Amino acid sequence: MKKNVFRVLIMAACFLSMESCADLDLPSDGRLTLEDMFSSYQRTRNYYHSCRSFFPEKGFTYQGSRAPLASFTDEGHDASDGVNGAVNDWYNNRTSATNNPIEGSYSWTHYFQGIRKCNTFLTSIKDPNIATAYIDEDEKNGWIGEVLVLRAYYYLQLIKKYGGVPIINTPYEVNHDFSKDRRATFEECADFIIADCDAALALPEGGSANTGFRWNINDNERGVITRAFAYAVKSQTALYAASPLWSTGGTKYTWERATEITKEALDQCLTHGFQLFTTKPPEDVAQNAYAYYFILRSDPSRSVDKETIFESLSARTNVWKFAGTPITEGAEKAGFGPSQELVDAYGMLATGEMPVLGYTDGDHVQPIINTAAGYDPMNPYVGRDPRFYASVYYNNSPRSLTSGVIEKTLYPLNFAATKNNVTVSGTNEVKLVTTSSDPWVHTTTLGKAIAAGQKRVISFEYKSNKTVNNAEFFFCVAGGPQGGVSTGENITIQQAGEWTRFEYDLSSAITKWGFGVNSNGGQAPQNHFLRFDLTSGAGYEITIRNFQIESFTPPPAPVAVETFVGGNCGISSNITQTRFTRTGYYLRKFNNYKSGVNVDGDGLMKIFRLAELYLNFAEAASNSVGADAAVASKANGAAALSAREAVNIIRARAGMPALPTGLSKEVFQIRYRNERQVELAFEEHRFFDVRRWKILGETDKFVSGMRITKNGNSYIYNRFKLQDRGTNVDKYLLSPIKLSEVSKMLSFTGVNWQNPGW
């Protein structure tokens with residue numbers, strides 16, 4: 001067996017620069033053998049961690065356009081349509097094997113690099129001649145389980161984009177015969193993915209809370225792959241394999257088998273503590289539990305968020321910045337704007353019915369109104385599915401949810417014994433009486449550094465027998481008062497017989513002297529304190545309560561999002577103007593209204609969550625046994641469940657009425673697909689759903705918007721069609737494989753691996 005070598009000094013650069021799965025590691029100076037790599041616990045652990053480095057981030061990540069995948073679907077239209085870049089290329093059908101606007105960083109090459117890394121780890125860790133480091137068996141099994149599932153996940157991303165791909169489960173040797181390689185079928189790839197997950201799940205969980213391939217992890221283990229992740233990969237793989245795009249005559253991935261796999265995945269997660277997120281937020285934080293869920297970061301321990309199986313690790317969505325309303329401070333562009341078709345998909349709260357059943361014209365400007373729904377075309381945004389209000393900014397929707405309550409970090413201060421010419425008495429209400437010239441008193445220390453905030457102030461409530469015209473604060477950052485490190489004798493405290501609020505802005509003191517935020521060559525910030533100089537003479541009586549420092553960010557003013565023509569966020573058809581919506585709507589999902597240049601509070605996208613498993617099962621079961629037939633439990637402690645019940649669990653969390661029994665297969669399919677469209681909106685599902693359902697020709701030719709004009713105190717609503725894209729033809733069912741990869745494999749195998757039409 002040939003000796004394997006790995007570069008030490010440039011190993012990371014090597015893996016990032018490889019051009020295909022056919023590239024080879026060649027010997028170079030400063031090299032390390034696999035035996036050396038796996039003879040050390042730490043080096044082995046580092047190699048295991050490096051297998052995760054190919055994990056994709058979801059969000060505004062597509063090439064240089066800072067666009068989400070939703071921009072390339074019928075979910076919406078991006079305001080960057082007139083700017084050179086991925087969006088403009090896609091909308092103008094400039095996609096090819098050399099220029100794929102949506103490929104981005106996560107391409108054929110990227111995932112095969114990750115697979116190759118996983119293969120090397122899995123082969124080496126199991127070879128006693130190579131892996132000689134002592135590693136606890138539970139810990140080793142945990143690493144093996146994770147890497148097996150990572151490999152499966154990388155393959156899942158490949159087949160979703162490209163269809164069947166080569167199955168490679170061992171590292172390439174230097175004498176590998178590439179002429180023997182072939183593209184496997186989608187079914188073969190699905191087999192491989194599910195087998196990897198099953199192999200991982202067959203490993204024991206381990207006897208420690210911190211090692212083994214586990215269900216439960218700690219909050220400091222963000223990014224660890226769990227058993228729930230493995231089941232989620234199996235669920236999605238089986239669903240895709242049974243879908244019309246890939247379900248061919250004689251396939252083993254029937255809807256019946258997909259039902260078994262998706263039900264087991266759901267049941268296993270439910271019996272291990274996963275639940276839909278139902279926490280009701282304060283009214284000034286989010287509209288409902290659904291909205292709240294998408295702005296909270298998950299906690300891997302699932303002490304609060306029991307729905308998320310895996311979340312993007314670092315890439316916050318930054319909706320405020322890359323798909324922001326023009327009234328959001330720091331917004332760079334309007335970016336993705338939801339389509340009218342998506343808005344039409346949100347049902348009516350009172351009836352549970354879909355408001356629009358289709359369109360009588362090819363441009364989607366003449367909707368077929370469902371008269372049973374309770375939808376009013378003259379008040380189109382009233383009484384809709386609560387998920388609509390959580391996901392879309394529409395005309396006159398509130399940009400801010402503030403109730404006037406401000407979240408503050410407080411630093412209570414008491415008066416210390418150190419004082420001059422002033423008497424101090426009382427506890428909660430402290431009375432200060434000056435007895436001679438130059439009266440002052442020290443406060444206690446801050447106790448901790450002052451938190452960031454747009455406003456940081458000294459505040460207290462007081463009563464005073466006289467007006468004080470020359471009070472002063474010294475900022476004691478070096479153990480005591482220093483000359484020049486003060487406000488100057490310019491503070492006025494008005495005479496007051498009733499409790500009156502006093503406030504002094506600390507911005508200058510923080511900027512000049514680092515008060516409360518850095519040591520400035522003296523004490524640590526938690527040891528900083530104040531000297532309060534009351535006035536210059538005797539006879540002043542000031543009673544003070546709640547003497548403290550406050551740090552806070554004032555909530556945005558409750559300004560409405562005006563999308564009407566001429567409004568503060570008005571629609572624009574000027575393709576050079578990227579700061580205004582093209583559709584008449586802005587993205588709200590993931591967006592914390594407090595986000596802006598000073599606060600990044602937008603949510604992260606979910607890779608897998610429990611709601612998807614409910615929906616995966618509902619689709620498979622409705623196609624195999626019908627909407628109302630209960631499917632037996634696949635895990636101890638789980639309940640039998642029908643497809644309709646699974647959908648209704650999702651609807652109940654949103655506050656929507658249940659779907660009735662007895663729906664025909666055709667009607668249930670419409671309702672199920674509608675449910676998936678609104679529940680998973682903007683989460684990178686729709687792009688693949690319309691392809692695997694083979695309805696791309698019906699959905700993605702163009703989208704429409706709503707142009708609103710204001711007429712006095714009323715509005716006129718006009719639907720309109722946006723540009724044809726040409727991206728709904730059959731070749732767009734799969735992505736093109738990069739031309740350089742196709743050329744290489746053609747030269748090796750004599751077979752053209754390119755997808756149809758490209």
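Ala, Val, Leu, Ile, Met, Phe, Trp, Tyr, Cys and Pro count as nonpolar here, Asp, Glu, Lys and Arg as charged, and the others, Gly among them, as polar. With those classes, the lining of the second largest pocket splits into 16 nonpolar, twelve polar and six charged residues. The model is predicted.

Stay with this second largest pocket. Its volume is about 590 Å³. The lining comprises 34 residues. Thr 553, Pro 554, Pro 556, Lys 594 and Val 599 are the ones nearest the centre. By the classes above, Lys 594 is charged, because Lys belongs to that group. Two strands each supply at least two lining residues: strand 10, residues 408-412, and strand 20, residues 541-552.

Now turn to the largest pocket. About 690 Å³ of space lies there. Its lining has 20 residues. Nearest the centre are Met 354, Leu 357, Gln 677, Arg 686 and Thr 699. By class, the lining of the largest pocket holds eight nonpolar, six polar and six charged residues. Which elements each supply at least two residues of this lining? They are helix 12 (340-345), strand 6 (356-359), helix 17 (665-679) and helix 19 (696-699). Helix 17 gives the most to the lining of the largest pocket, with five residues.

Strand 11 runs antiparallel to strand 14, residues 440-443, and three bridges join the two.

Last, the cysteines. A disulfide is a covalent bond between the sulfur atoms of two cysteines. Here a pair of cysteine sulfur atoms must lie within 2.5 Å to count as one. How many disulfides does this rule give? The count comes to zero. Two cysteines can still be placed by their accessibility. Are Cys 189 and Cys 569 buried or exposed? The cut-off for buried is under 20% relative accessible area. Cys 189 has 1% relative accessibility, so Cys 189 counts as buried. Cys 569 has 0%, so Cys 569 counts as buried too.

Key:
Residues numbered from 1 in each chain as written. Predicted model: local features only at pLDDT ≥ 70, side-chain atom pairs only at ≥ 80, totals over all residues. Heavy atoms only, no water. Buried < 20%, exposed > 50% of the residue type's maximum accessible area, 1.4 Å probe, protein only. Pairing = 2+ DSSP bridges. Helix = DSSP H or I, 4+ residues; strand = E, 2+ residues; numbered from the N terminus. 1 Å grid on protein atoms, 1.4 Å probe; cavity = no way out; pocket = protein on both sides within 12 Å on 5 of 7 lines; lining within 4 Å. Points joined across faces, edges and corners; volume = space filled by probe spheres on them.
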